[in-house]
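Please find below a short note on the model you sent for comment.

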Amino acid sequence: MPEGDTVWQTARRLHTALAGHVLTRSDLRVPKYATADLTGRTVLDVTPRGKHLLTRIEGGLTLHSHLRMDGSWRVYAPGERWSGGPGHQIRVILGTADRTAVGYRLPVLDLLRTTEEDRAVGHLGPDLLGPDWDPDNALANLLRDPARPLGEALLDQRNLAGIGNIYKSELCFLLRATPWLPVGDLPAEPAARLPALARKLLEANRDRPARSTTGRRDQNLYVYGRAPRPCLRCRTSIRAANQGDGSRERPTYWCPTCQPGPSPHP
């Protein structure tokens, strides 16, 4: 699933291509909005909110989309071949005289009044890359359920918005805590710096084509996707296991030496 930095980059591409331009083509390929026509309206802006995208359109309308696991937005110049997937995977087309934005495999697509955006994103916690970022509120949200595993709490977008599975594993490594540690058992010092560290990672990567949490040229990530290769810090073999709340399991990576504490493997 795309993380907050990736969604931020997508929003910037869409905003650059569409904002301030009149739509000359509008095609929403979902049954609920099959008759909706946005042509003739100006795109006002495209704003990310956590992992959600809000495309605001003249007339008080917002097109809300979420990429989840497989969705993507592509922007094409006139005459450029569309390459995001077969035609039956296209869910929306927004075209101007100069650019065409195409949404592929979007599992969430809603057209709503801009004044009612909270219906789509009002449940989200502080956005790590947004103007509403509030580190104290984010930490309070995380600690509200002290028995919850740290990894699950970080992924809950109601606590703070923008962290996905990669940043979950990387943050836990940097905090020297396993993703299965009850969040209330996180020592005071790493707990206090968690919000700022999370924001620092996403801010550092929102302008990068390749995500990096290590600052190294030879290896971009500390633990995610690296099992059973050696830890960059201590050379212990990185381990992997699924973590989830029973509804969805996610691959999770950690170093058993650098991150002591509870885990599925002894």
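1. Strands, numbered from the N terminus, are DSSP runs of E with at least two residues. The model under discussion is a predicted one. With that term in place, the largest share of the lining of the second largest pocket comes from E2, which gives three residues.

2. E2 also belongs to an open sheet of four strands, ordered E2-E3-E4-E8 and paired in antiparallel fashion. Strand E2 (43-49) and strand E8 (108-113) are the edge strands; each has a single partner strand, so one side of each is left without a neighbour in the sheet. On average, neighbouring strands of this sheet are turned by 20° against each other, direction ignored.

3. Helix H1 (residues 4-18) lies across E2 and strand E3 (52-57). The angle at which helix H1 runs to E2 is about 175°.

4. The second largest pocket holds about 170 Å³ of space. Its lining comprises 14 residues, of which Thr47, Pro48, Arg49, Asp127 and Pro131 are the closest to the pocket centre. At least two lining residues are supplied by each of E2, E3 and helix H2 (118-121).

5. What classes of residue make up the lining of the second largest pocket? Six are nonpolar, two are polar and six are charged.

Conventions. Residues numbered from 1 in each chain as written. Predicted model: local features only at pLDDT ≥ 70, side-chain atom pairs only at ≥ 80, totals over all residues. Heavy atoms only, no water. Pairing = 2+ DSSP bridges. Axes fitted to C-alpha atoms, helices over the stretch in contact; angles between N-to-C directions. Contact = heavy atoms within 4.5 Å. 1 Å grid on protein atoms, 1.4 Å probe; cavity = no way out; pocket = protein on both sides within 12 Å on 5 of 7 lines; lining within 4 Å. Points joined across faces, edges and corners; volume = space filled by probe spheres on them. Nonpolar A, V, L, I, M, F, W, Y, C, P; charged D, E, K, R; others polar.
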